[in-house]
Every structure is written in structure tokens, then in C-alpha cells.
Amino acid sequence: MPIQTRMQVNMARLDLADLFVTIRRTTEAVCRNLEPEDFVMQSSPDTSPAKWHLGHTTWFFERVVLQEHDDDYRPVDPRYHYIFNSYYHSLGQFLPRDRRGSLCRPTVAEVIAYRHRITLRVADFIRECDDRTFAAITPLVLVGCNHEQQHQELLLTDLKHAYGTNPFRPALTDEGPAGGLAEPNLRFIEFSEGTYEVGAVGEGFAYDNEFPCHKRYLNAFRLANRPITNLEYLSFIHDGGYQDHRFWHSAAWDIIERERWEFPLYWERHDNSFMVYTLAGMRPLSPDEPVMHVSYYEAAAYARWAGRRLPTEFEWEVAAARYGHRNEGHFLEDGYFHPYATDRSTESSEMHNLLGNVWEWTTSSYEPYPGYVQPDGALGEYNGKFMSNQMVLRGGSAVTPRSHIRTTYRNFFPPEKRWQFSGFRLAENV
């Protein structure tokens, strides 16, 4: 299991119950402005309806905590184990992902009632179970809480895709901070060659894919002090970057020709300028904000066009270990759901926004760390079986819960995907 064998977990009952209830309420707060129709949208095979996210995160606690450890518990509806299981073969069959939007039943009201029922039951069970059971369920509840925070982010990501492909371009939230703020000038901060420790060390929660902590030798490198902005990415577009095969991986060039990519997802050309869809609706593209909703292929093509490269995930983590305490980026709790530029000196040589604002593509394939052992059971399916044909992103985004992210966190997506809140920063050799 992701944390039982890797770190000591010692939480008081009331602390664990409060954490659980708080995270459950946060998910519901994300949905507070949704209309009934919004809960059932599935705009692509990669996305899931909000109703399914609410049911799946509830099923996780029902199946992994209550059914396994509460002898008096009986399932709310056995059919939920089929429709709300995501991909856990060890827990039974499941509905294919691309069919989640076809479910008119259970209704939204029934899923919300199911959610409230399980929340109350789990919270009471945490407070009242015997000490031995509490010790057994504590790591499971913590995994479930972190899993739910992941789905808070996915819920917003999927809603944005559904709204952003709707001709009405509906808004989920009000506009964010006032524009007109400037990012610092692009600079490169040098890191010396040497052997560095990367990975989680066992203090606090971490997923199994962050273990074990191990040593990596890195050549000297320089990392950009901030992510690439919309204005900088526009230079790539205006220079014909999307029309020049020299900058692109072969698989990416096939996608460009087939899907006719010309600019990032959610951008729209209006005469000689661009508009962009945000969860606050359509608005003019802000030049100083980090570019977002680009694939790994687009990030790598820009880096090649710029005469530089993307960092490895280990270079990124070494920088984050030094500067990651600067939690300047926006997160889910800020309620903007968008990476806004922050007002800083344009001459700053500090490292900025390693955490928050946009996930940052790295040039690292998603692979196990040396010595990694995939856990047994259902939770062993959580990360290990996806360690193929995906690229690592680091740092979190404007829809990542602030308490969820850390400098060792490894996100991963296929290189062609763009609906995630993903951007990038550049690196170069010394």
C-alpha cells in the first residue's frame, strides 16, 4: 500500500475525521455553482462527468474502508461497484470510461445522497472503531483523502473541457485578480553538477511512485526562473512553429497534420488577436500569464525552437528542493482556477512558481524509481501499472489543492494530452 510500509502514520481520531470531512466538503464546494445538466456532461473519452467523480470518490471509501473493515456494513447499492469503479481489476468489473456519460441513473440527487450517507458513516467509523481497526484504516483514509483531492482537480479539468467545447462558453466562477501584472524577465539559474537525493523520505503523506528516495547524478544545468508565458509562446506561433516539422517529434507531427493544431487548447483566433476560454468565461489572452493547455509535444517543440530543452524531473526536483517553499502560484483554494501573473520585480533572479499555477512538463518518461516495488492488492493498481508511455509533470496547478502538492509529487499523462492545466519551463546545459 502507498504509505503503510513507507512511513509511520500517527494521527488522532478527531484529526483524521476532521481531515476527511473537510476534503469531502471541499469537493462539494467545487460543485456549488453547477446546474443539474452540468453534472452529467462527458465531452471526450478522456474526461468524466462530475456526477461520476462524486460517486467514484464515495465508492472508494465505501469499498476500501467500510466493506473491508466494518463488519456491520452493507453496501448502499451493489450496482454502484460496477459503475463507480474506475480501473481496479482486483475489485471487480467496471464500466468503460467512455460510457460514464451515458448513465442517466442513478440521478444526481441519488449520487449526492449516497455521498452524504457514506461521509457520515466513515466519519463515525473513524471516531468509534477499536484501536486495532483505527490503525488499519488510517492509511486507507489518508489515501482516500489524497485520491479525492486528485479528483477535485480532475473534476475542474473535465468541467473546463466540457464548458470550453460548448458554444455558449459558460463560466463556473467569477473573474480572478486584475490583469496587467508582469512576470519577471526570463533568466536561467545555474545548479552545479553532483549527486542529489530525490524522492520522498517518509515524512508526511506520499504516493508509492515517489519512493524510494535515491541518489541521482546530474550534470551542471540551468533552469529558467519561471514558466514560459503566452507572449513568448506567441512568438513561436508567429514564427511558423506549428508549420515547421523540424521542431516536432514524428508522432506529434502526425497529430498536427491530422488534428490541425495551430495553437494551445482553448485559444481562439479573433482577427489579429487571441481570446482564451477560462473557467470564468472567454477573455482576451493575457501576455504575461504562463502558457497553459499545451501537450508535451508542444512544450518540447517550443524548447527546440528556442534552442533549449525541457528539464528532467530530477533537475526540476533539485530546484524545487531549494526554492519550492516559495508557494506563490495559485491553487484550487484561491478560487480563480486559472494561473494569473503575479506582481514582482521584472529584474528578479529568484526561482518562481515551481508550485502552483501550471503543471510543468519534464522530459522524463514515467518510470519506477530504482528499487520500486509495486504494492499488493487494489492500491497496487493506483500508480505502478501506468508506468509506460507517459511523461512526468511536476509542481501542481491553479486547480490543485494547496495541501495536496509537494516537491516530490509525480504527475503523469500521455504526451499528446492537452486538457490538463499543463505548461512548462526551459532548461539548458552548462
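Predicted model: local features only at pLDDT ≥ 70, side-chain atom pairs only at ≥ 80, totals over all residues.
A residue counts as exposed when its relative accessible area is over 50%, as buried when that value is under 20%, and as partly exposed in between. Cys-129, in contrast, counts as buried, because its relative accessibility is 8%.

A disulfide calls for two cysteine sulfur atoms within 2.5 Å. The structure as a whole holds zero disulfides.

One joins Arg-105 and Pro-106, with omega at about 0°. Pro-106 sits in the loop that runs between helix H3 (80–83) and helix H4 (108–128). Another cis peptide bond joins Phe-211 to Pro-212, and here omega is about -10°. Pro-212 also belongs to a loop, between strand E2 (194–198) and strand E3 (214–218).

Positive phi angles are a further point to look for along the backbone. Arg-169 is not a glycine, yet its phi is positive, at about 45°. This arginine is found in the loop between helix H5 (131–164) and strand E1 (188–191). Its relative accessible area is 23%, so Arg-169 is partly exposed. Asp-271, again a residue other than glycine, has a positive phi near 55°. Its place is the loop between strand E5 (267–270) and strand E6 (273–278). With a relative accessibility of 74%, Asp-271 counts as exposed.

Another aspartate, Asp-38, lies in the loop between helix H1 (13–30) and helix H2 (50–69). Is Asp-38 buried or exposed, and which side chain of opposite charge is nearest to it? Asp-38 is buried and has no salt bridge; the nearest side chain of opposite charge is that of Arg-32, 13 Å away. A salt bridge would need a side-chain nitrogen of Lys or Arg within 4 Å of a carboxyl oxygen of Asp or Glu. Leaving aside neighbours within four places in sequence, the contacts of Asp-38 are Ala-50, Leu-159 and Tyr-163.

Aromatic side chains come next, and the structure holds 37 aromatic pairs. In one of them, the ring centres of Tyr-233 and Tyr-242 are 6.3 Å apart and the planes meet at 70°, so the pair is edge-to-face. Both Tyr-233 and Tyr-242 are buried. Another pair is formed by Tyr-266 and Tyr-277, whose ring centres are 6.2 Å apart; with the planes at 55°, the pair is tilted. This pair links distant parts of the chain, as Tyr-266 is in the loop between helix H7 (250–259) and E5 while Tyr-277 is in strand E6, 11 residues apart. Tyr-266 counts as buried because its relative accessibility is 6%, and Tyr-277 does so at 1%.

Ring pairs also join up into a cluster, whose members include Tyr-233, Phe-236, Tyr-242, Trp-248, Trp-267, Tyr-302 and Phe-424. Elsewhere, arginines meet the faces of aromatic rings. Arg-100 lies over the face of Trp-52, 3.6 Å from the ring centre. Likewise, Arg-216 lies over the face of Phe-314, at 3.9 Å from the ring centre.

How many of the 10 residues of H8 (residues 296–305) are buried? Eight are, and the helix is mostly covered. After H8 comes Gly-307, which has a positive phi near 75°.

Technical notes: Residues numbered from 1 in each chain as written. Heavy atoms only, no water. Buried < 20%, exposed > 50% of the residue type's maximum accessible area, 1.4 Å probe, protein only. Helix = DSSP H or I, 4+ residues; strand = E, 2+ residues; numbered from the N terminus. Lys, Arg positive; Asp, Glu negative; His and termini not counted. Contact = heavy atoms within 4.5 Å. Phe/Tyr/Trp six-rings, centres within 6.5 Å; stacked < 30°, edge-to-face > 60°. Lys NZ or Arg CZ within 6 Å of the ring centre and 35° of its normal.
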